[in-house]
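Below are my notes on the model, as numbered points. Please read them next to the coordinates.

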Amino acid sequence: MEQELVSIPFGKSKIDGLYYNSTIHSEDKIKNDTAIIHVHGFLGNFLDGSQRFLPPILAEGGYSSLAINTRMANFGLFFGYGILNDTIPQIDRVVEYLIELGYKNIILSGYSLGTSIVLRYAALRSDPKNFPNLRGVITLAAPYSMPDSIRRRWNRLGSEPSYDEVFEEAKEIIKPSREGKGHDRTILIYKARGDSYRPEHTEIYTYRTWWYLAGPEADTAMGYKQIKEIKVPILLIQGWYDEIVKPEETHDLAQVALDAGNKDVSAFYVNAGHKFENKEEELGDIIVRWLDRRFKT
Amino acid sequence: MISRQRRLLSFPAEDGFLINALLVSGEFSREKDLYDAPIVLLVHGVLGHFLARGTPRLLPNAFVENGINSFSINTRMAFTGQMFGGAIFDESIMDIEAGLDYLVKEGFRNIYILGWSLGANITVYYCANNTHPNVRGIILEGCSSSLPISNKNRLEKWNSVPSYDHIYETAQKVLKPDPVTTQNDRVFIVYRAWGPTFDPDDVELFTYRTWWLMRSPEAYNAKTNEIISGVKVPVLFIHGDEDYIVGAQEPESLVEILNKAGNDDVQLTFIPHARHDCMENPEFTIDVLIDWINKTNKQFHIS
């Protein structure tokens with residue numbers, strides 16, 4: 001495997017990514033023309049979590065990867081620019097970049113928050129005539145609906161402020177220019193991820209980033225509304241002991257996709273928590289097998 | 001022939017914290033030349049990392065074009081560390097130590113440390129307390145004379161909410177019984193910390209404990225003016241002459257302290273047409289850096 005830090009030109013800025021070029025070729029020396037784009041979770045980036053541990057495993061299986069930082073990486077949610085829909089043109093550019101490198105089949109893989117991004121993207125780019133290279137979607141720890149998942153969690157933990165309080169304040173703060181810059185503000189939610197005031201149990205947003213990711217009107221982050229538009233093969237993987245996303249959410253997402261007519265929907269459960277710790281190889285094996293059955297050269 | 005490299009590496013600090021680093025090295029005819037050539041260990045600023053805009057992102061490429069290798073590390077102060085509790089200033093020197101050890105194990109012999117902004121204060125703290133045989137000198141870019149005083153002045157300038165004194169009072173309550181060893185901590189926002197509005201661009205985020213050890217009146221190791229006299233290696237200060245975050249008098253006062261402490265190998269150069277980030281004037285900055293490295297490194301001349 002060869003590894004390269006890449007900065008993909010994107011308008012006046014760049015999209016940073018870590019490209020893992022698999023050097024495992026088929027018996028007749030043909031390079032696999034399938035590549036996977038990995039999208040990070042909450043506050044994540046390409047140096048962390050599954051974005052970091054999966055690409056080398058997939059490379060051993062013959063699949064190249066590009067792990068990217070979108071606008072929602074790191075502290076995008078804290079300073080107002082981490083808006084889900086704004087990641088779509090970024091991913092368009094990354095797909096284009098991989099096609100320029102010679103890949104024909106592009107698979108999108110997202111982890112946690114990243115699943116909302118990839119499901120939204122694949123829903124918007126579901127027309128195979130216009131987007132023939134998008135060939136599959138992989139989700140790891142996908143919430144059925146990010147807003148519902150956050151609301152349930154905050155209510156269960158007794159967050160401060162509550163979900164409803166944030167909603168009321170957000171309506172006042174960002175209207176009348178919800179689409180514009182408005183008067184945004186950074187906010188803290190204590191007891192959002194656990195029952196203490198400690199930093200690891202705290203979430204940080206701006207009203208605007210919260211609105212488009214967690215607010216009750218954030219349709220773009222409702223996985224169940226997006227997944228039914230997706231026609232390409234879908235693989236959903238979920239930790240059985242995940243305390244952030246409940247295992248049944250994966251079942252329900254798969255059901256929505258099947259009910260919508262997608263004939264190639266698979267769901268796997270791994271004996272792991274939200275981060276798939278200590279199950280990295282197993283996760284990689286599931287994905288490689290799934291890819292082999294569909295895309296092996 | 002040793003070809004050009006741009007490698008992502010990971011290694012642990014003494015306490016297990018995982019450091020990600022980017023090694024950028026040039027083309028050399030022999031392995032010995034690669035390891036004899038100067039290498040600059042780069043330490044990022046507030047919320048920074050090795051791909052952050054400005055110096056962290058631009059300097060490695062500019063260096064390698066001029067025959068200088070670089071090694072940019074993401075310390076525990078990188079990314080969201082100060083917002084979620086991991087960015088303890090006093091512990092960050094373990095990351096520098098680990099970076100230096102890694103370079104020495106690789107075979108590099110002539111090492112410089114360049115700290116930008118917060119990274120400069122970390123670099124001083126490290127060098128005031130450690131003498132590493134392979135460190136030939138340090139470069140301090142946009143170096144504040146004291147992180148606590150700098151924070152206090154800035155928060156007062158913009159009339160922050162809460163005020164610096166109020167944060168200090170609250171921190172004392174939250175961090176009981178002892179701020180250094182306590183398990184109690186909490187995230188807080190300072191509105192109007194960087195400008196006159198309540199907009200996200202003007203806020204600052206810490207936990208009380210990360211603030212206490214980096215910005216509070218009791219953040220002794222972040223008071224660079226009180227510890228820099230312990231630095232005995234050559235020092236180059238570079239400072240944007242339009243820097244509005246750190247005033248020109250701050251590096252000037254640090255030069256004076258070093259000189260009084262007997263360190264005469266100190267140079268301060270103001271970079272014209274640059275603000276806090278000297279790479280706003282890359283040609284001038286690179287020329288200054290190369291001249292100074294040549295001056296301090298007798299074994300290897302960069303042309």
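1. Chain B of this predicted model holds an open sheet of eight strands in the order 1-2-4-3-5-6-9-10, with mixed pairing. Strands here are DSSP runs of E with at least two residues, helices are runs of H or I with at least four, and both are numbered from the N terminus; two strands pair if DSSP finds at least two bridges between them. Strand 1 and strand 10 (266-271) of chain B are the edges: each has a single partner strand, so one side of each has no neighbour in the sheet. On average, neighbouring strands of this sheet are turned by 20° against each other, direction ignored.

2. Conventions, for the record. Residues are numbered from 1 along each chain as its sequence is written, while chains are lettered from A and ligands numbered from 1 in the order in which they are written. As the model is predicted, local features need pLDDT of at least 70 and side-chain atom pairs count only at pLDDT 80 or more, whereas totals for chains, interfaces and linings use all residues.

3. Within the sheet of chain B, strand 3 (residues 39-43) and strand 5 (residues 111-116) pair in the parallel sense over five bridges. B:Ile39 has B:Ile111 in strand 5 of chain B as its bridge partner. Helix 4 (residues 93-106) of chain B packs on the sheet and touches strand 1, strand 2, strand 3, strand 4 (69-74), strand 5 and strand 6 (135-141) of chain B. The direction of helix 4 makes about 155° with that of strand 3 of chain B. Helix 10 (residues 249-260) of chain B also packs on the sheet, touching strand 9 (235-240) and strand 10 of chain B, and its direction makes about 170° with that of strand 10. Touching means contact, with C-beta atoms placed from the backbone and lying within 7 Å; axes are lines fitted to C-alpha atoms, for helices over the stretch in contact, and angles run from 0 to 180 degrees between N-to-C directions.

4. Overall figures for chain B: 11 helices and 10 strands, and a C-alpha trace that spans about 60 × 40 × 40 Å along its principal axes. Its radius of gyration is 19 Å, which agrees with the value near 19 Å for a compact globule of 303 residues; the radius is taken over C-alpha atoms, and the globule rule is 2.2 Å times the number of residues to the power 0.38.

5. Chain A has 10 helices and 10 strands. Its C-alpha trace spans about 60 × 45 × 35 Å along the principal axes, and 53% of its 297 residues count as buried. Contacts between residues 24 or more positions apart make up 70% of those in chain A with a separation of 6 or more.

6. How do strand 9 (residues 234-239) and strand 10 (residues 265-270) of chain A run, parallel or antiparallel? They are parallel and joined by six bridges. The chain passes from strand 9 through helix 9 (residues 247-259) to strand 10 of chain A in a right-handed β-α-β crossover (with the strands pointing away from the viewer, the path from the first strand over the helix to the second runs clockwise).

7. At the interface, 22 residues of chain B are in contact with 22 residues of chain A. Strand 1 (5-12), strand 2 (18-25), helix 3 (81-84), strand 7 (187-190) and strand 8 (204-207) of chain B each supply at least two residues of the side that touches chain A.

8. Some local features deserve a look. A cis peptide bond joins A:Glu160 and A:Pro161, with omega about 0°, and another joins B:Val161 and B:Pro162, with omega about -5°. A:Pro161 lies in the loop between helix 5 (146-157) and helix 6 (163-174) of chain A. A:Phe276 is not a glycine, but its phi is positive, near 60°; A:Phe276 is buried, with 24 other C-beta atoms within 10 Å. B:Arg192 likewise has a positive phi, about 55°, and lies in the loop between strand 7 and strand 8 of chain B.

Notes. A residue is buried if 20 or more other C-beta atoms lie within 10 Å of its own, exposed if 12 or fewer, and partly exposed in between; C-beta atoms are placed from the backbone. Two residues are in contact if their C-beta atoms, placed from the backbone, lie within 7 Å.
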